[in-house]
Amino acid sequence: MTSTQVRATCPHDCPDTCALLVTVKDGVATEVKGDPDHPTTAGVLCTKVARYTERTYHEERLLHPMKRVGKKGEGKFERISWDEALDTIASRLKGIAARDPQAILPYSYCGTMGLVQGESMSLRFFHQLGASHLDRTICASAGATGYKYTVGASIGTDMEQFQNAKLIIIWGGNPIASNLHFWMRAQEAKRRGAKLIAIDPYRSLTAEKCHQHIAVLPGTDSAFALGLMHVLIRENLLDHDYIEHYTLGFDELKERAAEWTPERTAETCGITADEVVKLAREYGQAAVKGEAAAIRVNYGVQRVRGGGMAVRAIACLPALVGAWRNPAGGVQLSSSGSFPTNKPKLQRPDLLAGRHARTINMTTIGDDLLKESSPEFGPKVGKRSSVYKRPTGRHRARFRQGDARLRARGFVTPWCSKPFRPTTARPMPTSAAGHHHPARTRRHAHLLRPPVHDGQ
Ligand code: SF4
């Protein structure tokens, strides 16, 4: 039995983009570890990926196409052949495409990432078909847009610098659960004497472990940021030189912030005026002293009405106090997409060959699925090809209505419709990874034989 250790990359949609060391014996992964030489990973993986081999080779892992034979939700399926699955899918898609391919809607988000697998090959297929486009806005578009409006690009404080900060504000995130390698740096900063403050309506595990938790009401983050600006401006805790040379619009911002007294902010946010004043002073004074004040804002704040503006307001704070002057200061939302990729080359929109394909936005899909055909909307959506992530709430209820869905999953769930096929998700599909960490674009490796169960 030959055994080798190879380098790979975590395929998940996660800001850390960890480097993996995978032990492979005869095409089977036996161990997955974090690469100690990769600065971000530093030898540590989150628990879900540290146990990836268990998932990949789990006895319940779906390895062949299944067809629902009971009622939806009953969880009754029978195995079918690949030929039957592919013929069934093809005949359904062909029937709809013959009438109008735009009635087919690929519905997907980020499961297994990678530049090739992530959003490339499937789009080539749907472009060839002439299917509707999906505008993938459900997760991060509002905040990403707000951030770019303010900072100019999807780039911010380097995660590896946070350990040098003296004040870290964790705004709308729970990094213990979802940004482990940032949390490691925050812990190191804490050991070196930094203060950690969580701003979150929810007392998460992260909030519990910070020195202070400010529990603003949901959706009031813009108001809180404006209240902080009000105090910074009123008490002249500003870096005037930075504002003059590197910012635009200070006078208008000052006018707007003047409306947000600590008292008004406190009433809007459900906190005390003292919390507003104290945090503004701590933040401003840290920068005045030349200490690094860093904000890790996360997507939680922007999943509400006005969320894009909330990120814009928060992203103004480091510019006011000149926190960007220190490599460990500033703000970070996400570095996703900060290095351009040639998407047309990957996704091949040219395969549409001059046909028009309408775009349906994820955030309105619940209503769009109920729309009848019309000249404005186009054909009623007759088929959803649902991959990776499923909708929730009312959207999920509407997905349940109507005809069959095609799903790709790693494990059987009662919600699956018919027919569906197993995903190829495994630690290292052949691809390149550059989704999140801009400084460390990496390559996925093709290492493993597909998992097999006895007798299959
Ligand atoms: S922390 Fe993120 S990138 Fe690292 S192994 Fe876990 S999911 Fe993958």
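Trainee: How do you know that β1 and strand β2 pair?
Mentor: Pairing requires that DSSP find at least two bridges between two strands. β1 and β2 (residues 19–25) have seven bridges, in the antiparallel sense, so they qualify as paired under that criterion. Ala-8, for example, stands opposite Leu-20 in β2. This is a predicted model, in which local features need pLDDT of at least 70 and side-chain atom pairs count only at pLDDT 80 or more, while totals for chains, interfaces and linings use all residues. Residues are numbered from 1 along each chain as its sequence is written.

Trainee: What makes β1 and β3 edge strands?
Mentor: The open sheet has three strands in the order β1-β2-β3, with antiparallel pairing. β1 (3–9) and β3 (28–34) each pair on one side only. The twist averages 25° from one strand to the next. Strands here are DSSP runs of E with at least two residues, helices are runs of H or I with at least four, and both are numbered from the N terminus.

Trainee: Why is Thr-17 called buried?
Mentor: A residue is buried if 20 or more other C-beta atoms, placed from the backbone, lie within 10 Å of its own, exposed if 12 or fewer, and partly exposed in between. Thr-17 has 27 such atoms and is therefore buried. Thr-17 lies in the loop between β1 and β2, and its phi is positive, about 45°, although it is not a glycine. Most residues other than glycine have a negative phi.

Trainee: Why is Ala-42 called partly exposed?
Mentor: Ala-42 is partly exposed because it has 16 other C-beta atoms within 10 Å. Ala-42 is in the loop between β3 and α1 (47–50) and has a positive phi near 50°.

Trainee: Which residues surround the ligand?
Mentor: The shell includes Cys-10, His-12, Cys-14, Asp-16, Thr-17 and Cys-18, and also Leu-45, Cys-46, Val-49 and Leu-180. A residue is near a molecule if its C-beta atom, placed from the backbone, lies within 6 Å of it. By class, the shell has seven nonpolar, two polar and one charged residues. Here Ala, Val, Leu, Ile, Met, Phe, Trp, Tyr, Cys and Pro count as nonpolar, Asp, Glu, Lys and Arg as charged, and the others, Gly among them, as polar.

Trainee: What makes the crossing of α9 and α13 right-handed?
Mentor: A crossing is right-handed if the near helix is turned clockwise from the far one by less than a right angle, and left-handed if anticlockwise. The axes of α9 (residues 221–234) and α13 (residues 273–288) come within 9 Å and cross at roughly 60°, and the crossing is right-handed. Axes are lines fitted to C-alpha atoms, for helices over the stretch in contact, and angles run from 0 to 180 degrees between N-to-C directions.

Trainee: Why is Ala-313 counted as buried?
Mentor: Ala-313, in helix α14, counts as buried because it has 26 C-beta neighbours inside 10 Å. Ala-313 touches Ser-222, Ala-225 and Leu-226, not counting residues up to four places away in sequence; contact means that the C-beta atoms, placed from the backbone, lie within 7 Å. Ala-313 and Thr-150 are 163 residues apart in sequence, yet 8.3 Å apart in space, C-alpha to C-alpha. Thr-150 is one of the buried residues of α5 (residues 141–151), and what covers those residues includes α14 (307–321).

Key:
Two residues are in contact if their C-beta atoms, placed from the backbone, lie within 7 Å.
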